[in-house]
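Subject: Structure handover

Hello,

Here is the structure I promised to pass on. Please open it alongside this email.

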Amino acid sequence: MLFEFLNPPFMQRALIAAVLVGITAPAIGIYLVQRRQALMGDGIGHIAMTGVGLGFLLSTSPVWMATAVAVAGAVTMELIRWYGHTRGDLALAMLFYGGMAGGVMLINLSDTGSNANLTSYLFGSLSTVSESDVIAISVLAAFVMLVTVGLRRQLFAVSQDEEFARVSGLPVRVLNLLVAVTAAVTVTVAMRVVGLLLVSALMVVPVAAAQQITKSFKVTFVLSVVIGTAVTLTGTVTSYYQDVPPGATIVLLAIAVFVALTALAAPLARRRARASETKGAECTLEVPPARRGADDVRV
């Protein structure tokens, strides 16, 4: 049966989560790429592990607890970026490694946690996506899209040039914090599908792939979301039929798309260059030598 994968309830939940992840991860990732903070999601993923461990230790939702801890960590990262100066890298390293170590320790101290639970959050797991996870992911994904689409002009301005944005009257520090918080929320949205260790790749690779063949921010945004959604859905279905890890499958598919579009970009750029040269030659206004002067026009 062609659509057999739609029958199991756990696959229905996994596919919903995959679509939401495929949309939200590139949506915030494009701003991180513009800000040259492509690895920010990886750092937040390390910190979120402590939230997952706290969730198991306190017998509460690991998703919501991871969200709270990841947001706190993202705000701390942004404050370190502002005030850390020369020791900022060291402080961030301790924050990242401490978050991962704290998560491992807390999960092992809890009565309900285990190494299997840890693996499912680190690398993603289709069978463990519950109805409560889907509800939490849906609410968080709505927040991410509200911010990334509703404030796209302001976030783009801050991501491109903070000084220009500040002179223009934009609240730069508030917007920077909002980007950090939205990235943290996206990490917790994606951890059930691709895992905390691989979520950063889904934020960055679809954007990098889209940039190979696009020029405008708007087109790049739309295409990266399309690529993200396509690879998460394809990877989820592939993992069901082939019994392979969903997170690794999704990331490898995203990299394959990047390689394919990179290979396509070179001949496409040459074709555009030739077309531009031809158009330029056709548009050159021939002016008789006796009349050439300051008014000569060349398009």
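Below is what was found in it, from the whole chain down to single residues.

**The chain overall**

Please keep in mind that this is a predicted model. The chain has 12 helices and zero strands. The chain holds 299 residues, and 45% of them are buried. Its accessible surface is about 14,900 Å². Carbon and sulfur atoms account for 66% of that surface.

Start with helix α1, residues 9-34. At 1.5 Å a residue, its 26 residues should span 38 Å. The end C-alpha atoms are 39 Å apart, which agrees. After α1 comes arginine 36, with a positive phi near 60°.

Alanine 25 lies in α1. Its relative accessibility is 0%, so alanine 25 counts as buried. What does alanine 25 touch, leaving out residues up to four places away in sequence? The answer is Thr186, Leu202 and Met203. Two of these names return below. Alanine 25 and glycine 41 are 16 residues apart along the chain, and their C-alpha atoms are separated by 9.6 Å.

**Where α2 meets α9**

Glycine 41 is part of the next site too: Met40, Gly41, Ile44, Gly45 and Ala48 in α2 meet Ala180, Ala183, Ala184 and Val187 in α9. By class, this contact has seven nonpolar residues, two polar and no charged ones. Helix α2 covers residues 40-57, and helix α9 covers residues 172-190. The two pack at an angle of about 60°. Their axes are 9 Å apart. The crossing of α2 past α9 is right-handed.

**Helix α10**

Leu202 and Met203, both touched by alanine 25, are among the buried residues of α10. This helix runs over residues 199-211. Its 13 residues should span 18 Å at 1.5 Å a residue. The end C-alpha atoms are 19 Å apart, which agrees. Is α10 mostly covered or mostly open? Mostly covered: 11 of its 13 residues are buried. Besides Leu202 and Met203, the buried set is Val199, Ser200, Val204, Val205, Pro206, Val207, Ala208, Ala209 and Ala210.

**Isoleucine 107**

Isoleucine 107 is found in helix α4, residues 88-109. Isoleucine 107 is buried, because its relative accessible area is 0%. Along the sequence, isoleucine 107 and leucine 57 are 50 residues apart. In space, C-alpha to C-alpha, they are 6.5 Å apart.

**Two loop residues with positive phi**

Most residues other than glycine have a negative phi. Serine 59 has a positive one, near 55°. Serine 59 lies in the loop between α2 and α3 (62-83). Is serine 59 buried or exposed? Exposed, because its relative accessible area is 61%, and the cut-off is over 50%.

Aspartate 243 also has a positive phi, about 55°, although it is not a glycine. Its place is in the loop between α11 (217-242) and α12 (246-283). Aspartate 243 is exposed, with a relative accessible area of 71%.

Best wishes

Terms used. Residues numbered from 1 in each chain as written. Predicted model: local features only at pLDDT ≥ 70, side-chain atom pairs only at ≥ 80, totals over all residues. Heavy atoms only, no water. Helix = DSSP H or I, 4+ residues; strand = E, 2+ residues; numbered from the N terminus. Expected span 1.5 Å × (residues − 1). Buried < 20%, exposed > 50% of the residue type's maximum accessible area, 1.4 Å probe, protein only. Areas by Shrake-Rupley, 256 points an atom, 1.4 Å probe, with all protein chains shown as cover. Axes fitted to C-alpha atoms, helices over the stretch in contact; angles between N-to-C directions. Left-handed = near helix turned anticlockwise from the far one by under 90°. Contact = heavy atoms within 4.5 Å. Nonpolar A, V, L, I, M, F, W, Y, C, P; charged D, E, K, R; others polar.
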